[in-house]
Amino acid sequence: MNNLAQEKKYKKIITALSIVIPIAVAALFGINLRELGFDVAPLKFLPPIYATINGITAILLIAAVIAIKKGNRKLHEQLNSFAIACSLLFLLMYIAYHMTTDSTTFGGEGVIKYIYYFILITHIVLSVIVIPFVLITYMKAKLGKFPEHKKVAKKTFPIWLYVAVTGVIVYLMISPYYV
């Protein structure tokens with residue numbers, strides 16, 4: 001299969017994933033297995049784990065940029081692949097937590113409440129927006145289209161880094177309110 005045909009195939013997959021993932025997460029977020037009568041223990045131990053994974057993702061992204069600036073393409077690729085795996089692991093844990101555990105309400109008041117919700121909302125919105133960016137960036141590299149890869153990566157990196165870092169911040173801000 002030639003590069004153009006491969007890219008067309010990948011774009012269809014990327015479009016599908018960019019639509020299906022947010023819809024599936026939103027749908028699963030609203031399902032609580034315990035409320036549906038399933039005998040599952042709340043997975044209350046997951047938030048600090050998936051917040052840590054978000055922190056690791058941020059570190060991997062920064063390390064990947066450093067690696068490519070030093071000319072180490074192989075390490076750059078490995079770090080980014082690991083960052084994608086971490087993001088997927090985060091997503092699975094996040095869904096599992098919300099399907100088994102009641103949502104926690106932020107208890108802060110005053111200005112901190114507005115800061116929290118600003119960070120949370122931008123985190124959520126950008127986590128949806130970044131999906132196609134990450135996949136397109138990865139695809140361009142896999143197809144050897146490095147000038148195009150570099151161009152889209154300059155947009156993907158700050159969004160993905162923001163999502164990873166704000167994931168940790170959201171956890172730190174809401175963690176005192178977990179029951």
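**View 1. Helix α5 gives the most to the lining of the second largest pocket, supplying 9 residues.** Helices (H or I, at least four residues) are DSSP runs numbered from the N terminus. Welcome to a predicted model, in which local features need pLDDT of at least 70, side-chain atom pairs count only at pLDDT 80 or more, and totals for chains, interfaces and linings use all residues. Residues are numbered from 1 along each chain as its sequence is written, and side-chain values use heavy atoms, with hydrogens and water left out. The second largest pocket has a volume of about 720 Å³. Its lining holds 24 residues, and I68, H76, N80, H149 and A153 are the closest to the pocket's centre. A pocket here is an open set of points on a 1 Å grid over the protein atoms alone, where a 1.4 Å probe fits, with protein on both sides within 12 Å along at least five of seven lines; lining residues have an atom within 4 Å of a point. The volume is the space filled by probe spheres set on the points, which are joined across faces, edges and corners. At least two lining residues come from each of α2, α3, α4 and α5. Sorted by class, the lining of this second largest pocket has 12 nonpolar, 6 polar and 6 charged residues. Nonpolar covers Ala, Val, Leu, Ile, Met, Phe, Trp, Tyr, Cys and Pro, charged covers Asp, Glu, Lys and Arg, and the others, Gly among them, are polar.

**View 2. The largest pocket has a volume of about 1200 Å³.** Several helices share in its lining: α1 (3-29), α2 (46-69), α3 (73-100), α4 (111-142) and α5 are the elements giving two or more residues. In total, 46 residues line the largest pocket, and F90, L91, Y94, H123 and S127 lie nearest its centre. α4 makes the largest contribution to this lining, with 12 residues. The lining of the largest pocket includes 36 nonpolar and 10 polar residues, but no charged ones.

**View 3. Helix α5 covers residues 146-174 and bends by about 35 degrees at A153.** The bend is the angle between axes fitted to the seven residues ending at a position and the seven starting there. With 29 residues at 1.5 Å each, α5 should span 42 Å, and this agrees with the 40 Å between its end C-alpha atoms. The expected span is 1.5 Å times one less than the number of residues.

**View 4. Helix α4 has a kink of about 35 degrees at V130, shortly before the proline P132.** Its 32 residues should span 46 Å at 1.5 Å a residue, which agrees with the 45 Å between its end C-alpha atoms. Look for the buried residues of α4, including Y116, H123, V130, V134 and K140. Buried means under 20% relative accessible area, exposed means over 50%, and partly exposed lies in between (1.4 Å probe, protein chains only). The cover over these buried residues includes α1, α3 and α5. Just after α4, G144 adopts a positive phi of about 75 degrees.

**View 5. T57 sits in helix α2.** T57 is buried, with a relative accessible area of 1%. Setting aside residues up to four places away in sequence, T57 touches A83, C86, S87, W160 and A164. A contact means heavy atoms within 4.5 Å.

**View 6. Y50 is another residue of helix α2.** At 7% relative accessible area, Y50 is buried. Apart from neighbours within four places in sequence, its contacts are F90, M93, Y94, Y97 and H98. The C-alpha atoms of Y50 and Y171 are 9.1 Å apart, although 121 residues separate them along the chain.

**View 7. Y178 is found in the segment after α5.** With 27% relative accessibility, Y178 counts as partly exposed. Beyond its neighbours within four places in sequence, Y178 is in contact with P47, Y97, T104 and Y171. From C-alpha to C-alpha, Y178 lies 8.5 Å from K44, a residue 134 positions away in sequence.

**View 8. The protein chain as a whole has 5 helices and 0 strands.** Along the sequence the pattern reads α-α-α-α-α. The C-alpha trace spans about 50 × 35 × 25 Å along its principal axes. Of the 179 residues in the chain, 33% are buried. Among contacts with a separation of 6 or more, 80% join residues 24 or more positions apart.
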